Amino acid sequence: YEAVVSTQSTGLMAEEGWTSIVGFGSLLSERSSRTTCPTLRNFRVAKVKGFRRVFGHAAPIFFERGIAKIETKEYSSLSTEECEGEELLVTIFQVPNTEMSDWYRREEEFRIQKVRPVLVDPNTGAQIEHPDWTPGESLICCRSTNEDFFQTVCRGSSEIFYERVGKYGLTHIWTDDILPCRIYLRHCVLAARKLGRCVEDNFLDHTYLSDRKTTVRDWIARNPTIMTEDYPAPILERYSG
């Protein structure tokens with residue numbers, strides 16, 4: 001992983017020893033964020049314009065944890081992609097640069113992009129005037145390509161690719177024919193709900209399945225058991241918002 005970390009992180013670290021990170025899926029949960037970045041600070045709600053969330057990432061970690069439903073292709077996590085006219089309510093937090101290598105390892109399958117979020121009131125979505133802290137230039141995880149995953153993360157090695165994803169029957173990790181991992185989606189909705197009604201509504205209405213048409217609100221309305229299914233206690237504890 002060291003080669004991946006050094007390639008991704010070049011030029012992206014903030015000054016003064018801290019880097020601002022955007023959370024849009026599981027990192028809407030402060031508890032989830034702290035599992036990777038235990039000493040994060042300034043966990044706030046913010047707005048990022050010109051992006052949407054899309055479930056089009058086949059996540060190997062879901063196979064490792066036994067929560068991927070292979071028969072129904074319900075094993076997608078989230079990424080973001082640029083989309084004019086869209087805007088996301090997200091979390092923003094600072095991570096000490098000494099912990100950034102862990103974050104890059106967690107997010108190595110994504111393309112990392114710089115954005116400038118603005119802090120907002122989580123209940124109204126209105127921009128906060130004269131905040132006591134501003135995030136400045138921040139990092140967000142975006143959709144990458146299968147070629148980049150193979151060349152960068154797998155270092156062009158078919159053996160590494162098989163060990164990372166091929167053994168699960170996957171031929172790509174970026175694809176438009178998969179569905180959200182059910183408990184991961186539930187986790188994200190619950191995390192957004194805990195942040196405020198406006199954040200939850202934004203997640204439901206500005207997060208799309210891989211067809212880029214079906215919103216999460218519509219998907220859950222058609223599949224309400226996503227929010228009520230029972231899981232083993234260790235899984236529920238990890239994915240409870």
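A: Glu-30 pairs with Arg-34 in a salt bridge, their closest N and O atoms 3.0 Å apart. The term means a side-chain nitrogen of Lys or Arg within 4 Å of a carboxyl oxygen of Asp or Glu. The model is predicted: local features need pLDDT of at least 70, side-chain atom pairs count only at pLDDT 80 or more, and totals for chains, interfaces and linings use all residues. Residues are numbered from 1 along each chain as its sequence is written, and side-chain values use heavy atoms, with hydrogens and water left out.

Both Glu-30 and Arg-34 sit in helix H2 (residues 30-36), 4 residues apart, about one turn of the helix. Helices are DSSP runs of H or I with at least four residues, strands are runs of E with at least two, and numbering starts at the N terminus. Glu-30 is partly exposed, at 33% relative accessible area. Arg-34 is partly exposed too, at 31%. Here buried means under 20% relative accessible area, exposed over 50%, and partly exposed in between (1.4 Å probe, protein chains only).

Next comes helix H4 (residues 100-106). Asp-102 and Arg-105 both lie in this helix, 3 residues apart, about one turn. They form a salt bridge, with 3.5 Å between the closest N and O atoms. Asp-102 is partly exposed, with a relative accessible area of 39%. Arg-105 is partly exposed at 25%.

Helix H8 (residues 197-205) holds another pair, Asp-201 and Arg-197, 4 residues apart, about one turn of the helix. Their closest N and O atoms are 3.2 Å apart, and they form a salt bridge. Asp-201 counts as partly exposed, at 24% relative accessibility. Arg-197, at 58%, counts as exposed.

Elsewhere, salt bridges that share partners link Arg-52, Glu-81, Arg-143, Asp-176 and Arg-212 into one network. Side chains of opposite charge can pair when their charged atoms come close.

Now the wider setting. The protein has 20 salt bridges by this rule. It carries 30 positive and 35 negative side chains. Lys and Arg count as positive, Asp and Glu as negative; His and the chain ends are not counted. The secondary structure comes to 10 helices and 8 strands. The radius of gyration is 17 Å, close to the 18 Å that the globule rule gives for 241 residues, so the protein is as compact as a globular protein of that length. That radius is taken over C-alpha atoms, and the rule is 2.2 Å times the number of residues to the power 0.38. Of the 241 residues, 55% count as buried.

Definitions and conventions:
Charge placed at Lys NZ, Arg CZ, Asp CG, Glu CD.
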